[in-house]
Amino acid sequence: MQAISVQQPWAFGIARGVKAVSNQSLPTAYRGPLLIHASMRVDLKACDSPQIQAAGWNPRDPLATIGAVIAIAELTDVCSAAVRDEPCDCGAWADPRSYHWRLTSVRALPRPIVALGKPDIWEPKPSLVIEVQAMLEAEAARLVQQD
């Protein structure tokens, strides 16, 4: 499992499942589970963007937390067409000058897990991975009991 740190409110958009790409300056060969860590930085101009507002941005929402893992996704592909000035179909969230890391099966965590992030893609500590997995298993069990 790997992780990326993403500025808010973009991390919120990913965690809510509406932002299916993460715009990155570099490609990666990694494919698989990816923790979405909300970095300590906030893109204040983006908080008022129509896309973020349509995603339900609310600074009081737990998914708007900074300095914490807020979701897990599958990194399934990296589109490099935009950096080669070629057309791509990565959608409205895709920056025209970036690699588009395509994210699927996004699951917001029931509560944020405070963690230190890093630039670029990074390997989370085993204790963080265990905590995320335990939280997701407990949430799944709770949902089964509700049915």
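Predicted model: local features only at pLDDT ≥ 70, side-chain atom pairs only at ≥ 80, totals over all residues.

Residues are numbered from 1 along each chain as its sequence is written, and side-chain values use heavy atoms, with hydrogens and water left out.

The largest pocket holds about 560 Å³ of space. Among its 24 lining residues, those closest to the centre are S5, V6, Q7, N23 and Q24. Two or more lining residues come from each of β1 (2–8), β2 (21–24) and β3 (32–42), and the lining as a whole divides into nine nonpolar, ten polar and five charged residues. A pocket here is an open set of points on a 1 Å grid over the protein atoms alone, where a 1.4 Å probe fits, with protein on both sides within 12 Å along at least five of seven lines, and lining residues have an atom within 4 Å of a point. Volume is the space filled by probe spheres set on the points, which are joined across faces, edges and corners. Strands (E, at least two residues) and helices (H or I, at least four) are DSSP runs numbered from the N terminus. Ala, Val, Leu, Ile, Met, Phe, Trp, Tyr, Cys and Pro count as nonpolar, Asp, Glu, Lys and Arg as charged, and the others, Gly among them, as polar.

The second largest pocket has a volume of about 190 Å³, and its lining includes W122, P124, L128 and E131. At least two lining residues come from each of β5 (99–114) and α3 (126–146), with α3 giving the largest share, three residues. Seven nonpolar, one polar and four charged residues make up this second lining.

**Two surface sites**

S25 sits in the loop between β2 and β3 and counts as exposed at 59% relative accessibility, where exposed means over 50%, buried under 20% and partly exposed in between (1.4 Å probe, protein chains only). Although S25 and I121 are 96 residues apart in sequence, their C-alpha atoms lie 11 Å apart in space.

M40, V42, L44 and I66 make a nonpolar surface patch of about 390 Å², for which the residues must have over 30% relative accessible area and no salt bridge, with nonpolar side chains (Val, Leu, Ile, Met, Phe, Trp, Tyr) joined within 5 Å. Areas follow the Shrake-Rupley method with a 1.4 Å probe. Of these residues, I66 lies in the loop between α2 (50–54) and β4 (68–79) and is partly exposed at 34%.

**Salt bridges**

Seven salt bridges are found in the whole structure, each being a side-chain nitrogen of Lys or Arg within 4 Å of a carboxyl oxygen of Asp or Glu.

| Pair | N to O distance |
|---|---|
| R102 and D89 | 3.1 Å |
| R97 and D95 | 3.1 Å |
| R111 and E131 | 3.8 Å |

R111 in strand β5 and E131 in helix α3 are 20 residues apart, so that their pair links distant parts of the chain. R111 is partly exposed at 45% relative accessible area, and E131 is partly exposed at 32%. Shared partners join D77, D89 and R102 into one salt-bridge network.

Methods:
Patch = residues over 30% accessible without salt bridge, like charges linked within 9 Å, V, L, I, M, F, W, Y side chains within 5 Å.
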